Amino acid sequence: MKRLHIPTWLERQRYLLDFTLSSLGRRKGKNLALTALYAMVVFGLASVLMYTQALRGEAMRILEGAPDVVVQRMVAGRHDLIPADRVERLSRIRGVQEARGRLWGYYYDASAKANLTFLVPEKFWGKAGEVVIGEGVARTRLAAPGEPFPVLASDGSVVILKVRETVPSPSELVSTDLVLLSEPDFRRLFGVPPDLYTDIALTVPNEKEVPMVAAKIRGQMPDSRPITRAEIARTYEAILDWRSGLVVLVLAAALLSFGIVAWDKASGLSADERREIGILKAIGWDTSEVLAVKAWEGAVISLSAFLVGLLLAYVHVFVTSAPLLTPVLKGWSTLYPSFRLTPTLNPFLVSTLFLLTVVPYTVATVVPAWRAATTDPDAVMRS
Amino acid sequence: MRKSDRFLLFVAGALALLEVARLHSLHRGRERNEEVRGMASMARRLGLTDLSLATDARYARHPSQADRFAPFQDHPTSLEHFPSGTLIAPPPP
């Protein structure tokens, strides 16, 4: 007995998909090129979003260790050295557990063409005349533990320091350009008098008291600028959120590319495509079937591009450490940290990218097809 | 093999790779967590306020500590010309 075969909805869709793939295969070169370009746009967008999101996440976690409040002194609108007696005054403010003068500054190393950050730790574990350097400094200056580290002092003399050790490599994201040294060496190198600090770091155990402490500081020392940890975190959110320069640049380019592709699709069909729709209608296909084929066509191209672009972006950012993005952030820096970010495949990011890339293209493919499919087949073929 | 089967196989393969990527992110994330905790503790010990992402311009090295007008402070009418300065926005007010 012959079994009655009733095609289910799924099977019907598979036949339509077969037909769509054959139809795409007839314009293989064009469609492959389109998919490849489309995948590149997804790759660029996904790379930047993944990179900035991972970096923002790490920045937030690392900077939890930043001082609760940093107090700077402003002179004529510019950051200036702060008198040491303010350490005592600041520590007397209610809510402040500890105030500590910090000494740090920049040193332009002409031989390496790099800005190094010289910093005096609260408890420097080396001896006077020794420095602890970041991996980036060791790489650029070709310096190793035990070797001399000559520095040009502010009075023009050359001070020969000795490398004690390098900061371990996994912390390069915060330490690559650091040169840690003792307080007397710092003051001697930069000519900073003993009664001045670069700024003052405060410990405020109760987070809720931080804004009040900052307000008191502004009231008591009008020439000072308190920077709270929340503001430091906000800075990094601003640098790395979707409105930041890096993301906006790529987002604008990607949206423009999508816009051009979608506009091209929505503005009309090629003569071949119109003839194909006309023939399908003439041999008995109804409008919904023609639209389904066109929807599949858009979905096949955009879904393939989305999946390929997303996977390549993941590999690019989290396996190969984003070699295409690093030079952008690096700018003219000759000293740059080498680091591998915490990989994240955020469902929100994936679904946003999906909605941004697959849906508009599929819709843009269906609209002109709907216009052609609802007109008379004879007119469509003759047009 | 039908063309639709080949396409569905491709999609299934890509989804499987995405799952591999997710597992990789969990595994590597655990390793990196240790490193990030180490960096947070270093930031606490040394009083660090910024990541050393860009070292070309002084104000790009410590964006949280820099003035909003930092790129323009070197002299009047001085223009921002560092590539990192165009990507790193000034601290919010």
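A residue is called buried here if 20 or more other C-beta atoms lie within 10 Å of its own, exposed if 12 or fewer do, and partly exposed in between, with the C-beta atoms placed from the backbone. By that criterion 38% of the 93 residues of chain B count as buried, and of the 383 residues of chain A, 42% do. The structure is a predicted model, in which local features need pLDDT of at least 70 and side-chain atom pairs count only at pLDDT 80 or more, whereas totals for chains, interfaces and linings use all residues. Residues are numbered from 1 along each chain as its sequence is written, while chains are lettered from A and ligands numbered from 1 in the order in which they are written.

Chain A contains 14 helices and twelve strands, where helices (H or I, at least four residues) and strands (E, at least two) are DSSP runs numbered from the N terminus. Its radius of gyration, taken over C-alpha atoms, is 31 Å, well over the 21 Å that the globule rule gives for 383 residues, so chain A is more spread out than a compact globule; the rule itself is 2.2 Å times the number of residues to the power 0.38. Along the principal axes, the C-alpha atoms of chain A fill a box of roughly 100 × 50 × 45 Å.

An automatic or database domain assignment supplies the domain bounds, and it divides chain A into domain 1 (9-62 + 240-382) and domain 2 (69-203). Taken over C-alpha atoms, the centres of these two domains of chain A are separated by 49 Å. Their contact takes eight residues from domain 1 of chain A and eleven residues from domain 2 of chain A, two residues being in contact if their C-beta atoms, placed from the backbone, lie within 7 Å. Among contacts in chain A between residues at least 6 apart in sequence, 81% join residues at least 24 apart.

Helix H8 (residues 229-240) of chain A has twelve residues and reaches 17 Å from its first C-alpha to its last, close to the 16 Å expected at 1.5 Å a residue, the expected span being 1.5 Å times one less than the number of residues. Its buried residues are A:Arg229, A:Ile232, A:Thr235, A:Tyr236, A:Ile239 and A:Leu240. They lie on the same side of H8(A) because they cover an arc of only 115 degrees around the axis, the arc being that of the directions from the helix axis to the C-beta atoms. What covers these buried residues of H8(A) includes helix H2 (28-62) and strand E12 (224-228) of chain A.

In helix H6 (residues 183-190) of chain A, the buried residues are A:Asp185, A:Phe186 and A:Leu189. They cover an arc of only 100 degrees around the axis, which puts them on the same side of H6(A). The buried residues of H6(A) pack against strands E4 (98-109), E5 (114-120), E7 (148-152) and E8 (158-166) of chain A. A:Gly191, whose phi is positive, near 65 degrees, follows H6(A).

Chain B has three helices and zero strands. In the interface, 51 residues of chain B are in contact with 60 residues of chain A. Helix H1 (3-46), helix H2 (58-61) and helix H3 (83-87) of chain B each supply at least two residues of the side that touches chain A, and the largest share, 25 residues, comes from H1(B).
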